[in-house]
Amino acid sequence: MTQGSGLRERKKLATRQALGFAALRLAVERGLDHIRVEDIAAAAGVSPRTFNNYFASKYEAISSRASDRIFRVGQALLDRPADEPLWDAITAAVLEVHAAGAELPPPGWLAGLRPVLGSPAMAGELLKTYVKLQKVLAAAIADRLGPGDPRMDPSGMYPEIVAAAVAAATQVASDHWLRADPPVPLLGLVETALKQLRGTQ
């Protein structure tokens, strides 16, 4: 990759992140039904046409931060030391990506976020992100284990089973974070969910 192409990719990523954050912030502040693509684009300082280059809908933009975390989990797992036990590596990768969740959400944030994420349209979009997480994580697990690992039996199910379990644990932790009163940090719930999944707590 040339320096110019690298700069373009960083600019594209920055634009995508700005649109995703603007979409989520406006939805929380105004309500999901009261924001349009034009509002999101304006808040991010781009045109509606640029928005459409990145997202097919406001729902996809709102869920993009979760989608981006998914791909970072897969990459973080592949970057872990090769001799690290699989479950230790998975736990470390997931917690690394959720590190920003160590802080409490801003006052009033969850109250505005609950109706946004609870809408049928957003529930369907978020379900897609967890399906993506399973696929990305399963691929990273299979790549990490390699064909010689005894857990990679002919059925090929093991990476998918582990990935589905991790995705479910992450989703449950997120659901509890959303409902928590008083609010609690997301990171601690994700860590607890992974520990319970492993049977160590």
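Reader: How many of the 201 residues count as buried, and what does buried mean here?

Author: In this predicted model, 40% of the chain's 201 residues count as buried. The term means under 20% relative accessible area, with exposed set at over 50% and partly exposed in between (1.4 Å probe, protein chains only). Numbering starts from 1 along each chain as its sequence is written, and side-chain values use heavy atoms, leaving out hydrogens and water. As the model is predicted, local features need pLDDT of at least 70 and side-chain atom pairs count only at 80 or more, while totals for chains, interfaces and linings use all residues.

Reader: Why does tryptophan 177 count as buried?

Author: Its relative accessibility is 14%, so tryptophan 177 falls under the limit and counts as buried. Tryptophan 177 sits in helix H9, residues 158-179. Helices here are DSSP runs of H or I with at least four residues, strands are E runs of at least two, and both are numbered from the N terminus.

Reader: What does tryptophan 177 touch?

Author: Leaving aside residues up to four places away in sequence, tryptophan 177 touches Pro105, Trp109, Leu110, Leu113, Val184, Pro185, Leu186 and Leu189. A contact is heavy atoms within 4.5 Å. Take leucine 110: this residue is 67 residues from tryptophan 177 in sequence, yet 8.8 Å away in space, C-alpha to C-alpha.

Reader: And what makes serine 67 buried?

Author: Serine 67 has 6% relative accessibility, so serine 67 counts as buried too. This serine lies in helix H5 and touches Arg16, Thr129 and Lys132, not counting residues up to four places away in sequence.

Reader: Which residues touch the most other members of the largest nonpolar core?

Author: Ile62 and Ile141 do, out of 54 residues in that core. Helix H8 (residues 120-145) gives the most to the core, with 10 residues. Such a core is a set of buried Ala, Val, Leu, Ile, Met, Phe, Trp, Tyr and Cys residues joined through side-chain atoms within 4.5 Å. Beyond four places in sequence, isoleucine 141 touches Leu77, Leu86, Ile90, Pro159, Val162 and Ala163.

Reader: How many helices and strands does the chain have?

Author: The chain has 10 helices and 0 strands. Of its contacts with a separation of 6 or more, 68% join residues 24 or more positions apart.
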